[in-house]
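Hi,

Here is the structure I promised to pass on. Have a look at it first, and then read my notes below.

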Amino acid sequence: MLLGCTSDYVATQAECSVLVVRSDGFLDTERRLRIAIGFEDSAPARAALQELSEVGWGDGAEIHIVTVRFCLYG
């Protein structure tokens, strides 16, 4: 994913969840809205997903929730 310098700074330095979108009429286009969300299982992340589910994203919106789990064996 490529971001501008301001949005990259906010997305990487914020201490809370951040949603970065283009402001140039992204809901006025005929293209289907596609959203990818990185999720870690915490109370704030679950609350953010709840809020996300309550937004009217429109017909055909494609939302992907991505989480990674790993174990270190030593």
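Let me start with the core. The largest nonpolar core has 5 residues, namely Leu33, Ile35, Ile37, Leu52 and Trp57. By nonpolar core I mean a set of buried Ala, Val, Leu, Ile, Met, Phe, Trp, Tyr and Cys residues joined through side-chain atoms within 4.5 Å. Buried is under 20% relative accessible area, exposed is over 50%, and partly exposed is in between (1.4 Å probe, protein chains only). In soluble globular proteins, nonpolar side chains tend to be buried together. Leu52 is in contact (heavy atoms within 4.5 Å) with Ile37, Trp57 and Ile63, if you leave aside its neighbours within four places in sequence.

Before you go further: this is a predicted model, where local features need pLDDT of at least 70 and side-chain atom pairs count only at pLDDT 80 or more, while totals for chains, interfaces and linings use all residues. Residues are numbered from 1 along each chain as its sequence is written, and side-chain values use heavy atoms, with hydrogens and water left out.

Now the overall layout. The chain has 2 helices and 2 strands, and from the N terminus on they run α-β-α-β. Helices (H or I, at least four residues) and strands (E, at least two) are DSSP runs, numbered from the N terminus. Of the 74 residues, 11% count as buried. The accessible surface of the chain comes to about 6800 Å², and 54% of that belongs to carbon and sulfur atoms; these areas come from the Shrake-Rupley method with a 1.4 Å probe, and for residues only the protein chains shown count as cover. Among contacts with a separation of 6 or more, 56% are between residues 24 or more positions apart.

Next, the strands. β1 pairs with β2 (residues 62–66) in the parallel sense, over 5 bridges; two strands pair if DSSP finds at least two bridges between them. Ala36 has His64 as its bridge partner in β2. The covered face of β1 holds Ile35 and Ile37, and the uncovered one holds Arg34, Ala36 and Gly38. In a regular strand the side chains alternate between the two faces of the sheet.

How many salt bridges does a search of the whole structure find? It finds 1, counting a side-chain nitrogen of Lys or Arg within 4 Å of a carboxyl oxygen of Asp or Glu. Arg46 forms a salt bridge with Asp41, and the closest N and O atoms are 2.6 Å apart. Arg46 lies in helix α2 (residues 43–53) and counts as partly exposed because its relative accessibility is 43%. Neighbours within four places aside, Arg46 is in contact with Phe39 and Asp41.

Last, the surface. Tyr9, Val10, Val18 and Val20 make a nonpolar patch of about 340 Å². Patches are made of residues with over 30% relative accessible area and no salt bridge: like charges are joined within 9 Å, nonpolar side chains (Val, Leu, Ile, Met, Phe, Trp, Tyr) within 5 Å. Val18 sits in the loop between α1 (5–13) and β1 (34–38), and Val20 lies in the loop between α1 and β1 too. Val20 counts as partly exposed because its relative accessibility is 36%. The C-alpha atoms of Val20 and Ser7 are separated by 6.8 Å, with the two 13 residues apart along the chain.

Cheers
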